[in-house]
Amino acid sequence: MSLQELKEQARQLPASDRLELVRAIIESLQDVPTQPPERSRIIKQMKGLLKTDQPAPTDEQVESMLEKRRVEKYL
């Protein structure tokens, strides 16, 4: 059954049954562990990379690193 079909069937239920369905859905969502979005997880992992006593790389060094990465990736 598709989500659209499920929605249509839910609209046909009496209001009390729809409220009970909403309660059941909310309860089922409360049991699901929340995971931080992928972006947040990656940012947290990268924070440690920012802590260094070394100076930031120059534009030329960054370009060189990018070029090496492209060569590794596409060869």
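A residue is called buried when its relative accessible area is under 20%, exposed when that area is over 50%, and partly exposed in between, with a 1.4 Å probe and protein chains only. By this rule Lys68, at 55% relative accessibility, counts as exposed, and Lys68 is found in helix 4, which covers residues 59–74.

The structure is a predicted model, in which local features need pLDDT of at least 70 and side-chain atom pairs count only at pLDDT 80 or more, while totals for chains, interfaces and linings use all residues. Residues are numbered from 1 along each chain as its sequence is written, and side-chain values use heavy atoms, with hydrogens and water left out.

**Overall form**

The protein has four helices and zero strands, where helices (H or I, at least four residues) and strands (E, at least two) are DSSP runs numbered from the N terminus. The radius of gyration of the protein is 25 Å, well over the 11 Å that the globule rule gives for 75 residues, so the protein is more spread out than a compact globule. That radius is taken over C-alpha atoms, and the globule rule is 2.2 Å times the number of residues to the power 0.38. Along its principal axes the C-alpha trace spans about 70 × 30 × 15 Å, and the C-alpha atoms of Lys68 and Arg18, which are 50 residues apart in sequence, are 59 Å apart in space.

**Surface and charge**

Of the 75 residues in the protein, buried residues make up 1%. The accessible surface comes to about 7600 Å², of which 57% belongs to carbon and sulfur atoms; accessible areas come from the Shrake-Rupley method with a 1.4 Å probe, and for residues only the protein chains shown count as cover.

A nonpolar surface patch of about 420 Å² is made by Leu13, Leu21, Ile25, Leu29 and Val32. Patches are made of residues with over 30% relative accessible area and no salt bridge, like charges being joined within 9 Å and nonpolar side chains (Val, Leu, Ile, Met, Phe, Trp, Tyr) within 5 Å. Leu21, one of the patch residues, is found in helix 2 (residues 15–30) and is partly exposed, with a relative accessible area of 34%.

The mean positions of the 13 positive and 13 negative charges of the protein are 2 Å apart. In that count Lys and Arg are positive and Asp and Glu negative, while His and the chain ends are not counted, and the place of a charge is taken as NZ of Lys, CZ of Arg, CG of Asp or CD of Glu.

**Salt bridges**

A search of the whole structure finds three salt bridges, each defined as a side-chain nitrogen of Lys or Arg within 4 Å of a carboxyl oxygen of Asp or Glu.

| Salt bridge | N to O distance |
|---|---|
| Glu20 and Arg23 | 3.3 Å |
| Arg70 and Glu63 | 3.6 Å |
| Glu67 and Arg70 | 3.5 Å |

Glu20 and Arg23 are three residues apart in helix 2 and therefore separated by about one helical turn; Glu20 is partly exposed at 45% relative accessibility, and Arg23 is partly exposed at 45%.

In helix 4, Glu67 and Arg70 also lie three residues apart, about one turn of the helix, and salt bridges that share partners join Glu63, Glu67 and Arg70 into one network.
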